Every structure is written in C-alpha cells, then in structure tokens.
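Please keep the structure open while reading.

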Amino acid sequence: MNFKTIIEPFRIKTVEPIRMTTREQRQVALEKAGYNLFALPAKDVLIDLLTDSGTGAMSSGQWAGMMRGDESYAGARSFYAFEDAVRLITGLKVVIPTHQGRAAERILFGAMLGKDDIVPNNTHFDTTRANVEYRGATALDIPIVEGRQPALFHPFKGNIDLQTLERLLEEKQEQIPLVMITVTNNSGGGQPVSMANIRAASELCHRFDVPLFLDACRFAENAWFIKIREEGYAHKTPLQIAQEMFSFVDGCTMSAKKDGLANIGGFLALNDEALAQRCKTNLILTEGFPTYGGLAGYDLEAIAVGLMEVVEEDYLRYRIRSVAYLGERLTAAGIPIVQPPGGHAIYIDALSMLRHIPQSEYPAWALSLALYLEGGVRSVEIGSVMFGLQPDGSEKPAAMELVRLAFPRRVYTQSHVDYLLEVLLYINEIKDRIRGLCIVEAPPILRHFSARLEPAHGRLLSEEE
Ligand code: F0G
C-alpha cells in the first residue's frame, strides 16, 4: 500500500522551546524595534520564517561529524571530506571554503569585476547585487517575463531570459566578465530553473567565451523541481540531476546555510585555476587559509554530511511538499501568492492583497508587521524597502512587493504550518485595516536590515469599524 501522507522523514531528538507572547507584548516589541522585524529579539518570535539561512536543524549524523572535526590549521581531514562532497556534487576542480555565501561572492567579484562591468543574472539576491555594485559594476536582472508575474503558473519561472542574454553578449561581451544563474531564484519567488535553460545559457556564454556561474544556494531544491517537472528526469536521482546542472557551469558560489544543511559556511568552486589562485590570495587576506576559509573543522564536517543528506529523496519530497501544502491552502482562501509555490518559501503578493496601500508606503513591509503583531510570525519583506533605494540615492518602486515566509529546514512540523495558515487566514480577513509605513532613518545601502520606520497614518492597524 502506498499511503498518501507525506511525513517528516525524521524523529526529534533534541527540542528547543518557543515562547508565546501576547499581542500587547508584540506591539511594544515592534515599537522598540523601529517597526523593523530584523531588529526584533528572536525570543519574542513564535514562528521564525525570516529566513531559511543557517536556521535549519542538523542531523545526528552531522553532530557526529562535528565531533570528528579536525581543527588542524592546514590540510585538516575535515577539509578533504568537505572537498570530496563538493567535488562529488559539482565536479568543479578547485574548492574554496568561505564563512558564508556572500564571502564567496565578494572574493569572486573582487577577482573578476571592474568598474562599468555588467553581471547578468536571472535575479540577483540582495547581497549578490550589493557585492556587484560595490565593485562599481552593474547587477542586471534578466528573468523570463513570466518570472515577474506573480499569479502566472509556469514550471520554471526562475529561468533566465535567453534572448536578452544573447543580445547582451552580442552587444556588450567586453563588459561581461561572467554570467550568473541563481538556483532556485530566491528574490524571484524561490522558483526553479530548468535544465534546458541552464544548458542553453551555458552554450550561449561559451559561444561568447564568457564563464557561467551558478549561485547554487538551493541547488538540491532546484534539482527536485527538475525531477518532478522536466521531461526525462523523473527516474534520475537528485544527486545525478545536480551533477548535470553543475556540468554546464564554470564555477559556483554557495551558501551552505541553505542546501548545505549547516548553520554556517559556504564555498566558491571553479575550474579556472589561475582565477582560483587570485581568489585564494584574497581569501588568505580576509577569510583564512584555503583549507578552512573562515570555518572551523567541525563546520566543514557538518557541511560535508549535510550536502549528502540534502539530496536524499525523502527529505526533498517532504520539504517541497510542506511548502506546497501551505501554498495550496492559501490559494484556496484567495490569498495571492507567487505561483506555483517556490522551494524554500511562500511569497505573498502584497501588492495584490493590499491594493489600498501605495508602493511608496511599503505594502509588503506593512503585511509582514501585521503577521507578527497578530500571530507572532516573523517573515521578510522583499519589496521596495529592500530594493527601492537606487545606487544614486533616488527611490524607485520594486518590481514586486512580496512577503516571504521562508522555512528553516527540518525545524517546524505540520502543526506549525497549520497554525501559520490560521494566522494568515485571519490577516486576510482584516487586511483592509492594515496601513502603510514611512522610513524615518536608513543607511545608504542594504537599508532593510537597519532602517527605522513608523506607521504613516498613526497606527499599523486602523480601528475596527
Ligand atoms: N545567494 C542567494 C540566492 C541567497 O539566497 C543568499 C542568502 C546568498 C546568496 C548569500 O548567502 O547568507 O550565506 O551570505 N540568502 C539568505 C536569505 C540570507 O534569507 O534568503 P549568505
């Protein structure tokens, strides 16, 4: 008998209590935090969906690996275990550990980008964009048009627009030191990229002699979507699919805090040995010796084991299914989300949900605050607070106003998801009372992390009629 219920494929050995708070306590916490969920102490959050990054639960196998951690400065056994795991999955020649994904980006871009260069990507994540712009280069997002329409169904909405990429390569090849594809496309809704798209982008890039890199943070989730949605992959294992994805690229940056199933870590992997040498020089200057790159030996072990666990079918089936379950229930209730649900998160389309709040008053930010106030749930805005501020200091509304509910890996259970659903249905009932915000204080870059805001009309939620 094939039973239908997809269960969490683990049992729980250690538990961490979470704390209930009252609405009044949460109102006070919000005021103290300058209406910025990044400034909230985590102890005041009941269900924390701020990010899936570094927030996952490690397995008994990973903890056992941590005890094996070899803390030798150079050539530690743990480094070779890490290198083997990365090479098995990516097939890339040189493996450079970093303390997290953005360090890999900074080091890669430091070695490759100059002023006035352009980096095309399906969609840059915020730190990736900031690291490109920090070099004086332009981070250009070129997702397929379907990728910018939240309500539209498309199996591979994360795809890069190949026509635009070809035109860019024809016209500006000299300014393009590399092309990137982000799998899955986090800022574009956690949407996957098809194998056909990666293959075609690779052919294009190589025709123009431009290297292609993956931002591989969620490579295993992307591989699962290819398995269940792309013809010809149903019988392949996630590992085989991942290996094929990487076979088309010249390198990757990776945050092991996502599909490395670790709490910290990342890497840069690439085939060009001369470029790798330049990267390693910078690594020694800023992260550490090339066999530890800012990580402890036990971190390298945890990642080595995590990379093998993340490609297990039962894990990926449960992971993608629990996100889809929430997506289906929200859709049935008429709550607009990016369709179909992404791999690691549900993205609520706040622009459609809160039509009464203009983009200049940050509707997605307002929705994320209401979710915390009413249900103790922390989410993250991916909208005009995150992306609205231009490098020249001007303000431009973001392409989408999304609230991301990102799921830590192996942390929450089905009843947490059901509670979340109940909170979201309630928020949907009172949505007309949610009011916009204004920014009172913000730094010039990555302002969403530390900006202070205030309700633009006295309070976050207007009185009941
Ligand atoms: N690229 C993507 C697609 C990401 O989602 C992230 C991080 C990074 C790069 C940077 O990796 O955090 O290890 O330095 N995303 C997290 C998030 C922070 O919440 O989506 P990092």
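Contact here means heavy atoms within 4.5 Å. Helices (H or I, at least four residues) and strands (E, at least two) are DSSP runs, numbered from the N terminus. This is a predicted model, in which local features need pLDDT of at least 70, side-chain atom pairs count only at pLDDT 80 or more, and totals for chains, interfaces and linings use all residues. Residues are numbered from 1 along each chain as its sequence is written, and side-chain values use heavy atoms, with hydrogens and water left out.

Two packed helices are described by the angle between their axes and the distance between the axes. Axes are lines fitted to C-alpha atoms, for helices over the stretch in contact, and angles run from 0 to 180 degrees between N-to-C directions.

Take helix α3 (residues 77-90) against α11. Their axes come within 8 Å and cross at roughly 25 degrees. α3 and α11 are therefore roughly parallel. Angles under 35 degrees count as roughly parallel, over 145 as roughly antiparallel, 65 to 115 as roughly perpendicular and the rest as oblique. The crossing of α3 and α11 is left-handed. A crossing is left-handed if the near helix is turned anticlockwise from the far one by less than a right angle, and right-handed if clockwise.

On the α3 side, the contact uses R77, S78, F79, A81, F82, A85, V86, L88 and I89. Facing them in α11 are G297, L300, E301, I303, A304, L307 and M308. By class, this contact of α3 with α11 holds twelve nonpolar, two polar and two charged residues. Ala, Val, Leu, Ile, Met, Phe, Trp, Tyr, Cys and Pro count as nonpolar, Asp, Glu, Lys and Arg as charged, and the others, Gly among them, as polar.

Helix α2 (residues 60-68) also packs with α11 (residues 297-309), at an angle of about 150 degrees and with the axes 7 Å apart. So α2 and α11 are roughly antiparallel. Their crossing is right-handed. From α2 come G61, Q62, G65, M66 and R68; from α11 come Y298, E301, A302, V305, G306 and E309.

M66 lies in α2. M66 counts as buried, at 17% relative accessibility. Buried means under 20% relative accessible area, exposed over 50%, partly exposed in between (1.4 Å probe, protein chains only). Leaving out residues up to four places away in sequence, M66 touches M58, Y298, E301 and A302. The C-alpha atoms of M66 and D299 are 6.8 Å apart, although 233 residues separate the two along the chain.

**Cysteines**

How many disulfides does the model have? The count is zero, with a disulfide taken as a pair of cysteine sulfur atoms within 2.5 Å.

| Cysteine | Nearest cysteine sulfur | Distance |
|---|---|---|
| C217 | C252 | 9.4 Å |
| C279 | C252 | 12 Å |

C217 is buried, at 10% relative accessible area. C279 is buried too, at 0%.

**Backbone geometry**

A cis peptide bond joins V183 and T184, with omega about -20 degrees. T184 sits in the loop between β5 (179-182) and α7 (195-207). Another cis peptide bond joins Q339 and P340, with omega about -20 degrees. P340 is in the loop between α12 (313-332) and β9 (345-349).

D209, a residue other than glycine, has a positive phi near 60 degrees. D209 is exposed, at 67% relative accessibility. Y362 has a positive phi near 55 degrees, but Y362 is buried, at 5%.
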